[in-house]
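Please read the points below with the model open beside them.

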Amino acid sequence: MNPLVLIDKYYPVDNELKHILVTHSRSVADKALEIAHNHPEFDLDLNFLEEAAMLHDIGIFKTDADGICCYGTYPYICHGYLGADLVRAEGFPRHALVCERHTGAGLTLKQILERNLPVPHREMVPVSLEEQLICFADKFFSKTHLDREKSVEKARISIEKHGEEGLVRFDHWCELFL
């Protein structure tokens, strides 16, 4: 599958939002592939890794985040499951799981319920190594500073708002992937 075909379907106009999505996603895919190449012992599915990394944020256009040119109606935290719904409907359920599970360092049902988050009530934590690696790589790139990669320390700070569980997962990924 070619992820750019799906991106073009949902982002048919070459505008700033599409530029942000594709640039950010390419950075995440490149970081994930670099880490995967440094860890051949994981035997990761490199084609899937690249495709899913390119699609992980496909749902952002449905959210309200004008700082990154998103003028939809949903809160930004919903972009993962909204993108998953799109990708699942296109016939790519495995890719959809990456979309759904990459928010923060993953969201547990407990976190969703305790914080009354406006997302479906289910576990949304990365499970497969590919899901975990894409989620991890995503933490190093923002959509507002497309030209730079965050340090581990800055990535960790951005995870803090998602709670202790996310920090524990992120620290584990640092040990595993770096």
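1. A residue is called buried under 20% relative accessible area, exposed over 50% and partly exposed in between, with a 1.4 Å probe and protein chains only. The model is predicted, so local features need pLDDT of at least 70 and side-chain atom pairs count only at pLDDT 80 or more, while totals for chains, interfaces and linings use all residues. Residues are numbered from 1 along each chain as its sequence is written, and side-chain values use heavy atoms, with hydrogens and water left out.

2. The chain has 9 helices and 2 strands, taken as DSSP runs (helices H or I, at least four residues; strands E, at least two) and numbered from the N terminus. Read from the N terminus, the order of elements is α-α-α-β-β-α-α-α-α-α-α. The radius of gyration is 15 Å, close to the 16 Å that the globule rule gives for 178 residues, so the chain is as compact as a globular protein of that length; the radius is taken over C-alpha atoms, and the rule is 2.2 Å times the number of residues to the power 0.38.

3. Along its principal axes the C-alpha trace spans about 40 × 35 × 30 Å, and 52% of the 178 residues count as buried. Of the contacts (heavy atoms within 4.5 Å) with a separation of 6 or more, 62% come from residues 24 or more positions apart.

4. The chain exposes about 8,500 Å², of which carbon and sulfur atoms supply 54%; these areas come from the Shrake-Rupley method with a 1.4 Å probe.

5. The structure holds 8 aromatic pairs, where rings of Phe, Tyr and Trp (its six-membered ring) pair if their centres lie within 6.5 Å, and planes under 30 degrees apart count as stacked, over 60 as edge-to-face and the rest as tilted. One of them joins Y11 and F61 edge-to-face, at 5.2 Å centre to centre and with 80° between the planes. Y11 is buried at 3% relative accessibility, whereas F61 is partly exposed at 25%.

6. The ring centres of F136 and F170 are 5.4 Å apart and their planes stand at 40°, so this pair is tilted. It links helix α7 (residues 129-138), which holds F136, with helix α9 (residues 164-177), which holds F170, across 34 residues. F136 is buried at 0% relative accessible area, and F170 is buried at 0% too. Ring pairs link F136 and F170 with F42, F140, W173 and F177 into a cluster.
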